[in-house]
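Opened the model today and jotted down what I looked up. Here are my notes, in the order I made them.

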Amino acid sequence: MFETFILATVQSIAEFLPISSSGHLILVPAFLHWPDQGLVADIALHIGTLFSVLLYFRNDLLMMIHGLVDFKKKNYSSYRISMILKIVFATLPIVIVGAIAHSYISENFRSPKLIATTLIIGGILLYFADKIGKNEKSFKTMTYRDAFLIGCAQILAMIPGVSRSGITMTMARFLGLSRTESARFSMLMSIPTILMAGGLGFLICFTSEEAFYPEKTLLFGLITAFIFGVIAIYFLMKWLKTSSFIIFTIYRLILGGIIFIVF
């Protein structure tokens with residue numbers, strides 16, 4: 001239970017803060033000499049974080065559900081339909097590339113030094129994007145091209161240490177979205193991404209001999225990930241209203257340096 005609690009906490013916090021959840025889930029067992037938690041446990045933790053974002057952004061989700069009604073009425077110019085289409089445009093790149101390269105990347109891109117490198121480079125990019133990025137766009141005013149480019153950036157998050165939230169917020173800031181709107185769009189993008197990752201994980205489990213954890217352990221991990229995921233999202237959205245991304249850049253640089261020293 002203790003290992004599950006630590007991993008669930010790390011997963012949920014690092015999933016939404018721009019510091020790389022995949023990198024941390026590789027590093028924590030490596031630092032503490034724990035066995036790999038396995039794919040089933042990873043799926044349970046991701047489901048917990050999915051519930052977190054669904055809860056926090058429930059109003060946005062309700063708007064997009066109502067957008068389906070607009071679509072049925074052929075009211076194609078509505079903001080609610082544009083919300084749906086922007087998420088779709090942002091998700092397409094990871095769907096295409098992920099289907100092709102997921103297995104290769106998951107098997108060959110797990111080196112601690114690679115994670116250290118991507119943490120440092122990603123942190124520097126986030127700093128400069130936040131430094132030069134304007135605050136002229138919102139989810140409503142961003143273009144479909146913006147959404148697609150942010151989706152293309154998300155492909156890089158398949159490499160551990162890059163951070164899905166980090167690289168998408170970085171691209172969003174480069175494109176002129178405000179800090180809070182960058183985070184908001186990144187979080188909403190995570191919903192279909194986590195769903196697809198979870199679905200792929202289940203498929204792999206059912207076609208392999210992946211060991212299953214006790215149900216109580218998985219449920220405990222899911223609930224823990226959900227609770228700390230909500231806390232992480234709330235913290236990030238409140239932080240970005242008055243502060244920059246610099247604290248996350250500093251964290252990434254320090255952690256990357258420690259990894260290079262230890263490994």
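I started with the side chain of Thr-168, which has a polar atom 3.1 Å from the backbone oxygen of Ser-165. I kept in mind that this is a predicted model.

Next I checked where Thr-168 sits: it belongs to helix α8, residues 164-174. Is Thr-168 buried or exposed? Its relative accessibility is 1%, and buried means under 20%, so Thr-168 counts as buried.

Then I asked which residues Thr-168 touches, skipping neighbours within four places in sequence. I found Ile-150, Gln-154, Ser-186 and Met-189.

The crossing is right-handed. On the α7 side, Leu-149, Ile-150, Ala-153 and Gln-154 make the contact. From α8 I listed Arg-164, Ile-167, Thr-168, Met-171 and Ala-172, so Thr-168 turns up here again, as a buried residue.

**Helix α5**

I moved on to α5, which runs over residues 79-108 and has 30 residues. From first C-alpha to last I got 42 Å, close to the 44 Å expected at 1.5 Å a residue.

Where is the kink in α5 centred? I put it at Ala-101, with an angle of about 60°. Ala-101 is also among the buried residues of α5. Others on that list include Lys-86, Thr-91, Pro-93, Gly-98 and Ile-105.

Methods: Residues are numbered from 1 along each chain as its sequence is written. This is a predicted model: local features need pLDDT of at least 70, side-chain atom pairs count only at pLDDT 80 or more; totals for chains, interfaces and linings use all residues. Side-chain values use heavy atoms; hydrogens and water are left out. Helices (H or I, at least four residues) and strands (E, at least two) are DSSP runs, numbered from the N terminus. Buried means under 20% relative accessible area, exposed over 50%, partly exposed in between (1.4 Å probe, protein chains only). A polar contact is a pair of N or O atoms within 3.5 Å; within protein, one must be able to donate a hydrogen and the other to accept it, and residues adjacent in sequence count only if both atoms are side-chain atoms. Contact means heavy atoms within 4.5 Å. The expected span of a helix is 1.5 Å times one less than its number of residues. The bend at a residue is the angle between axes fitted to the seven residues ending there and the seven starting there. A crossing is left-handed if the near helix is turned anticlockwise from the far one by less than a right angle, and right-handed if clockwise.
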